[in-house]
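Reader: I have not looked at this one before. Can you show it to me and take some questions?

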Amino acid sequence: MRPYSSLTMASYVICPTQIIVSHFGSLLVLMTGLSWGAVGWIILLYTIRGLATTSIYHRLLTHKSYKAPVLVLWVGSIVAAAAGQLGPSCWKAHHVNHHQHVDGELDPHSPHTPAQGIRGFLWAQGGWLLTSRLFPDKLPRDVESDVALKLIDRFHFIPLIALALLSYALGGAEYLGAFFLSTTLLFHTTQAVNSLSHIVGNQPFITDDQSRNNGFVAFLALGEGWHNLHHAFPLSSRHGITIRAGQVAYLPDATFSFIKLLESLGLASKLRVPTEADLLGRARNGNLQPSWLSVAAGTSANS
Ligand SMILES: [Zn+2]
Ligand SMILES: [Zn+2]
């Protein structure tokens, strides 16, 4: 029996429901057309909610890859909930399960199990949310003990509905359609990290899973597609890192840039990033340059 009420389960069911509604709602733009203002609205909502999901839900709340004032965590979680992809407790529970059981039977959304090929892809791309995998066996204690986060989790659908109403108030059916389209695109981008970044891409680091660095997903998912680095170093606030010719190389990572912006504003601190020695130590195809010794001697990548 799951350690939460049937009312909580009912609130989680709203997530796939609102994603399905968003898919159909996107068709509104076929009737209204899209002005440049509405296109800007799509991009704005996509970027803000995307960054909240990646920098707050994922890198702060789940992996604690940097520190931030609790207000940043609460406000960021409300914005992330407005993406329509569940509240902080359920989101973290799924993601912790993913890391603990990655690409195994208990991974909630691996493209390699329980199905492979196109069926595995569709499962990881959102199909899993339509099954009992939607309900985690347990919820993270740290999130459940924070009253504000717990409230955001159980009422995760309120920020999404508020944003839909705001969109309609701003520009009628056209902006409402833009909101639905932005929500649908962002949903598939997040799911592409679960699917494509475990199927296509390179593996510069040694891990026990199928995680890949995928530049296409990294562009769409604001840096989250550098997923092989993430599974090799889950505590790193920076995901955009690879190995080229035996040397550490840094890649565009919009979420890390956003966290650095928060840091410059005094809203983030103690960013965790592996040293180049750590990175080279996990490099898959060694071929380390002679400079490895000097790097291993203490050069930090924490910049
Ligand atoms: Zn993964
Ligand atoms: Zn993660």
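Author: What follows is a short walk through a predicted model, starting at the metal.

Reader: OK, which residues coordinate the zinc ion (ligand 1)?

Author: The donors to the zinc ion (ligand 1) are the NE2 atoms of His-98, His-198, His-227 and His-231, at 2.0 to 2.1 Å.

Reader: How are those donor residues spaced in sequence?

Author: The spacing for the zinc ion (ligand 1) reads H-x99-H-x28-H-x3-H. His-198 sits in the loop between α9 (157–194) and α10 (215–220), while His-231 belongs to helix α11 (residues 227–232), so this pair ties together parts 33 residues apart in sequence.

Reader: Are His-198 and His-231 buried or exposed?

Author: Both His-198 and His-231 are buried.

Reader: And what are the angles at the zinc ion (ligand 1)?

Author: Among the four donor atoms they run from 96 to 143°, and the site is irregular. A tetrahedral label needs all angles to lie between 85 and 135 degrees.

Reader: Different topic. Where is Lys-92?

Author: Lys-92 is part of helix α5 (residues 88–100).

Reader: A lysine. Buried or exposed?

Author: Lys-92 is buried, at a relative accessible area of 7%.

Reader: Which residues is Val-143 in contact with?

Author: Apart from neighbours within four places in sequence, Val-143 contacts Leu-61, Pro-88, Ser-89, Lys-92, Leu-149 and Lys-150.

Reader: How far apart are Val-143 and Asp-153?

Author: They are 10 residues apart in sequence and 9.0 Å apart in space, C-alpha to C-alpha.

Reader: Last topic, strands. How do β1 and β2 run?

Author: Strand β1 (residues 241–244) and strand β2 (residues 247–250) run antiparallel and are joined by four bridges. Ile-243 stands opposite Val-248 in β2.

Reader: What is between β1 and β2?

Author: Two residues lie between them, and the two strands form a hairpin. In the turn, Ala-245 has a positive phi of about 50°.

How values were computed: Residues are numbered from 1 along each chain as its sequence is written. Chains are lettered from A and ligands numbered from 1 in the order in which they are written. This is a predicted model: local features need pLDDT of at least 70, side-chain atom pairs count only at pLDDT 80 or more; totals for chains, interfaces and linings use all residues. Side-chain values use heavy atoms; hydrogens and water are left out. Donors are N, O and S atoms within 2.8 Å of the metal (3.2 Å for Na, K and Ca); water is not among the atoms, so sites may look incomplete. Four donors count as tetrahedral if all angles lie between 85 and 135 degrees; four count as square planar and six as octahedral if opposite donors are over 155 degrees apart and all others between 65 and 115; anything else is irregular. Buried means under 20% relative accessible area, exposed over 50%, partly exposed in between (1.4 Å probe, protein chains only). Contact means heavy atoms within 4.5 Å. Two strands pair if DSSP finds at least two bridges between them.
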